[in-house]
Amino acid sequence: AGAVADELGLERRANLKSLPSEYLAENTIVQVLMPPPDQDLYVACIRSVAAGSNLIEVLLRDHPERKLVTTTPDKIFRHEPDAGDKVRVMAGDPNTIILGQCLSVENEEGVVKLIETNKLKLYRLDQLLPYSIPEKDD
């Protein structure tokens with residue numbers, strides 16, 4: 001059973017897409033690969049990015065303990081959005097922040113309602129990063 005779990009873990013890791021460092025920002029929803037002995041993937045929300053260092057604090061949202069951990073950029077991967085998620089668009093200048101809500105996901109594309117203009121726009125899923133507004137209990 002352990003070998004099967006290892007194979008599944010390797011397959012999941014092979015499908016991971018790294019996140020460009022310019023998009024490592026607070027409130028971005030990501031996947032985090034935990035170090036041994038855990039070595040599992042968790043959905044997390046970036047809480048802080050230390051300027052000038054490689055340390056990133058994330059809240060593990062789907063961990064049983066829902067805990068804060070510090071990690072490095074090489075352990076952080078993209079988390080694809082679902083319909084209903086708030087998203088940041090990774091298109092063009094990373095300093096230009098385009099926010100919206102993903103209304104639907106089909107194949108490799110998502111329909112996004114842009115917050116600033118209320119217009120609907122189609123983006124590739126690899127251009128969309130889910131994000132979260134922190135809640136009091138986060």
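The largest pocket in this predicted model holds about 160 Å³ of space. Which residues line the largest pocket? They are Ile97, Ile98, Leu99, Leu114, Ile115, Glu116, Thr117, Lys121 and Tyr123.

β7 and β9 belong to an open sheet of five strands, whose order is β9-β8-β7-β6-β10. The pairing in this sheet is antiparallel. Which strands stand at the edges? They are β9 and β10 (128-131). Each of these has a single partner strand, so one side of each is left without a neighbour in the sheet. From one strand to the next, the twist averages 45 degrees.

Let us look at one pairing in detail. Strand β8, residues 109-114, is joined to β9 by five bridges, and the two run antiparallel. Within this part of the structure, Gly110 stands opposite Tyr123 in β9.

I turn now to charged side chains. As a general point, side chains of opposite charge can pair when their charged atoms come close. How many salt bridges does the count come to? The count comes to three.

In one of them, the side chains of Lys17 and Glu80 meet, with a distance of 3.6 Å from N to O. This pair links distant parts of the chain, 63 residues apart. Lys17 lies in the loop between α1 (2-14) and β1 (29-33), whereas Glu80 lies in the loop between β5 (76-78) and β6 (86-89). Are these residues buried, partly exposed or exposed? Lys17 is partly exposed, with a relative accessible area of 40%, and Glu80 also counts as partly exposed, at 32%.

Another salt bridge is formed by the side chains of Lys75 and Asp74, at 3.8 Å from N to O. Here Lys75 is partly exposed, its relative accessible area being 30%.

The remaining bridge brings together the side chains of Asp126 and Arg124, with 3.0 Å from N to O. Asp126 counts as partly exposed at 36% relative accessibility, and Arg124 does so at 45%.

How values were computed. Residues numbered from 1 in each chain as written. Predicted model: local features only at pLDDT ≥ 70, side-chain atom pairs only at ≥ 80, totals over all residues. Heavy atoms only, no water. 1 Å grid on protein atoms, 1.4 Å probe; cavity = no way out; pocket = protein on both sides within 12 Å on 5 of 7 lines; lining within 4 Å. Points joined across faces, edges and corners; volume = space filled by probe spheres on them. Salt bridge = Lys/Arg side-chain N within 4 Å of Asp/Glu carboxyl O. Helix = DSSP H or I, 4+ residues; strand = E, 2+ residues; numbered from the N terminus. Buried < 20%, exposed > 50% of the residue type's maximum accessible area, 1.4 Å probe, protein only. Pairing = 2+ DSSP bridges. Axes fitted to C-alpha atoms, helices over the stretch in contact; angles between N-to-C directions.
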